[in-house]
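User: Please take a close look at one helix in this model and its charged side chains. Then set that helix in the context of the rest of the chain.

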Amino acid sequence: MTQQQAQTNVRQRQRSAQTKIANSYYALLGLHPSASVLEIRRNYRQLSKKYHPDTTDLPQEQARVKFQRLNEAYGTLSNPERRSLYDLQIGYSRFN
C-alpha cells in the first residue's frame, strides 16, 4: 500500500466516524461526545420539555417518536457502561 492510499484510508475512516457522531445520540441532544453527565442531563431535560407529546405543537405521532428517541439517547448516555459501549460503536474515543 502506498503512502497516498494509506492517507486516503485514514481520511475515509475519519469521515465515517464524523458521520456516525453527526447522526448519534449526542447530536440528538445537541452535544459533543465529550459532554459531561451534567450537560447531558441538562439538554435532555430541556428537550424533553420541548418535545413531550403533551406540551409540544408537533403532531402527536411525530412528538411521540421524537420523545422516545430522546429517552433512548438519555438512557444510553446517562449510564457510564452503556455510554462507553456506545462510544466504541460510533468510533469515538476519549483517549485520543
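Analyst: Arg69 and Glu72 are both part of helix α4 and sit 3 residues apart, about one turn of the helix. In this predicted model, their side chains meet in a salt bridge, with N to O at 3.5 Å. Arg69 is partly exposed, at a relative accessible area of 33%, and Glu72 is also partly exposed, at 38%.

The structure holds 2 salt bridges. Another is formed by Glu61 with Arg64, where the closest N and O atoms are 2.3 Å apart. Glu61 and Arg64 are 3 residues apart in helix α4, so about one helical turn separates them. Glu61 is partly exposed, with a relative accessible area of 46%, and Arg64 is partly exposed at 34%. The spacing matters because an α-helix has 3.6 residues a turn, so residues three or four places apart point the same way. Side chains of opposite charge can pair when their charged atoms come close.

Leu70, leaving aside neighbours within four places in sequence, is in contact with Leu28, Leu29, Tyr44, Leu47, Ser48 and Tyr51. The largest nonpolar core has 16 residues, and Leu29, Ile40, Leu70, Leu77 and Tyr86 touch the most other members. At least two residues of this core come from each of α2 (25-28), α3 (37-51), α4 (60-77) and α5 (80-90). Helix α3 gives the largest share, 4 residues. In soluble globular proteins, nonpolar side chains tend to be buried together.

Helix α5 comes next. At its start, a side-chain oxygen of Asn79 reaches to within 3.0 Å of the backbone nitrogen of Glu81. The buried residues of α5 are Arg83, Tyr86, Asp87 and Ile90. Seen down the axis of α5, these buried residues fall within an arc of 105°, so they line one face of the helix. Glu81, Leu85, Leu88 and Gln89 are exposed on the other side of α5. After α5 comes Gly91, with a positive phi near 85°.

The average pLDDT is 85, and 79% of the residues score at least 70. Helix α3 has the highest confidence, with a mean of 96, whereas helix α1 (residues 3-22) has the lowest, with a mean of 58. Where pLDDT is low, the predicted coordinates should not be read in detail.

Terms used:
Residues numbered from 1 in each chain as written. Predicted model: local features only at pLDDT ≥ 70, side-chain atom pairs only at ≥ 80, totals over all residues. Heavy atoms only, no water. Core = buried A, V, L, I, M, F, W, Y, C linked by side-chain atoms within 4.5 Å. Buried < 20%, exposed > 50% of the residue type's maximum accessible area, 1.4 Å probe, protein only. Contact = heavy atoms within 4.5 Å. pLDDT = per-residue confidence, 0-100. Arc of directions from axis to C-beta. Polar contact = N/O pair within 3.5 Å; in protein donor to acceptor, adjacent residues only side chain to side chain. Salt bridge = Lys/Arg side-chain N within 4 Å of Asp/Glu carboxyl O.
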